[in-house]
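Colleague: I'm new to this one. Can you put it on screen and walk me through it?

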Amino acid sequence: MPNVDLAAPASNSFLLRIVSQKLKVLPVENSTLSKIHPISDDGFEERLARSDTTLFEPISISASPEDQRSLLALHQVVRHPGYSYLEIGSEHGGSLQTHLADPWCSTVFSIDLRVGNVPDVRGSVFSYHGVTTARMIDGLSQHYATSLSKLRTFDFPASEVPVEAIVPAPSLVFIDGEHTNKAVQEDFAVCRRFIASGGLIAFHDAQLVHQGIRGCLKTLKREGRNFHAVGLAGAVFVVAIGADAQERLSRIKIAQVDSAEFFLDAPAYLRQARKELHPSRIRLFLRRCRQYLFS
């Protein structure tokens, strides 16, 4: 692998080829407007306009119907010819599939460390053994074969992805990786380097990692940044940065909740989630008794 000075002048195509080789990124021939895929005959435009959650049916997604409607509302407000989308934490590709299907989307970036065990703020470790990028691509290819050329994947920490590899800059970033407060703040800091001017940064399972998101907002305040943040339906939270932040969020066609109100019940939500994940010994004993008696 030749040594390359990324600070030296170079064409975007040459630079991206070098970065792709170094980082083992799924190659994309060209992410220009001329490569935007033709509109399909499945009525995508109309289905997106009415927030049709069946758009998520081809690939399973770990999100409630309310979450899905929020994601579609965000999709509608950021899309324009040639836009790109980035997410941290893709699992099977359920949350990125609508952007693969969108003829206006030029590039989809997926950053996922793909480790076997992932810590979680609920006090457990979740296993993702066997959930690989290759498996995700195989599943996506069964439904979005003609759009896979615009997918680029990174199987390592977001902090190790150079800005030069994320071109064009994404209009929407979705953070749904490791569910710990520390990881959320780290991912947010990285995404601020990637995001396009006028773009949006959204979080999933926001009530679970509410402390981490609050830390992100405190950082913006400390830096004196203009920003606006709101909660959407389900467990989705979105931040816009810039002088027109509030106006941009006002375009989202779904009910919004002020950030303070959104997080008001977050501690109780997290406690309940932990209880459901770690039932008491008595409840666990009774559950096992029922399983024994009625199995």
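Modeller: One definition to start with: a pocket is an open set of grid points with protein on both sides within 12 Å along at least five of seven lines, and lining residues have an atom within 4 Å of a point. Helices are DSSP runs of at least four residues, numbered from the N terminus. Also, this is a predicted model.

Colleague: Fine. Which helix gives the largest share of the lining of the largest pocket?

Modeller: H6 does, with five residues. Helix H6 covers 181-194, and strand S3, at 117-120, also supplies at least two residues of that lining.

Colleague: What volume does the largest pocket have?

Modeller: About 940 Å³. The pocket is lined by 42 residues, and the closest to its centre are Gly89, Val118, Asp176, Gly177 and Glu178.

Colleague: And how does that lining split by class?

Modeller: There are 18 nonpolar, 13 polar and 11 charged residues in the lining of the largest pocket.

Colleague: Which residues line the largest cavity?

Modeller: Phe56, Leu71, Tyr85, Ser95, Thr98, His99 and Leu172. By class, four residues of that lining are nonpolar, three are polar and none is charged.

Colleague: Now Gln97. Where does Gln97 sit, and is it buried or exposed?

Modeller: Gln97 is in helix H4, residues 97-101. Its relative accessibility is 0%, so Gln97 counts as buried.

Colleague: Which residues is Gln97 in contact with, leaving aside its neighbours within four places in sequence?

Modeller: Leu55, Phe56, Pro58, Ile59, Leu140 and Tyr144. Two of these also pair with polar atoms of the Gln97 side chain. The backbone oxygen of Ile59 lies 2.9 Å from a polar atom of that side chain, and the side chains of Gln97 and Tyr144 are joined by a polar contact of 2.8 Å.

Colleague: Change of topic: the backbone. Which peptide bond is cis?

Modeller: The bond from Val167 to Pro168 is cis, with omega near 0 degrees. Pro168 is in the loop between strand S5 (151-154) and strand S6 (172-175).

Colleague: Why bring that up?

Modeller: Because most peptide bonds are trans, and most residues other than glycine have a negative phi.

Colleague: Is Ser51 buried or partly exposed, and what about Asp205?

Modeller: Buried means under 20% relative accessible area. Ser51 has 21%, so it is partly exposed, whereas Asp205 has 16%, so it is buried.

Colleague: Last thing, the overall picture. How many helices and strands does the protein have?

Modeller: The protein has 11 helices and 10 strands. Of its 295 residues, 47% are buried. The accessible surface comes to about 15,200 Å², and 53% of that belongs to carbon and sulfur atoms. Among contacts between residues at least 6 apart in sequence, 69% join residues at least 24 apart.

Methods. Residues numbered from 1 in each chain as written. Predicted model: local features only at pLDDT ≥ 70, side-chain atom pairs only at ≥ 80, totals over all residues. Heavy atoms only, no water. 1 Å grid on protein atoms, 1.4 Å probe; cavity = no way out; pocket = protein on both sides within 12 Å on 5 of 7 lines; lining within 4 Å. Points joined across faces, edges and corners; volume = space filled by probe spheres on them. Nonpolar A, V, L, I, M, F, W, Y, C, P; charged D, E, K, R; others polar. Buried < 20%, exposed > 50% of the residue type's maximum accessible area, 1.4 Å probe, protein only. Contact = heavy atoms within 4.5 Å. Polar contact = N/O pair within 3.5 Å; in protein donor to acceptor, adjacent residues only side chain to side chain. Areas by Shrake-Rupley, 256 points an atom, 1.4 Å probe, with all protein chains shown as cover.
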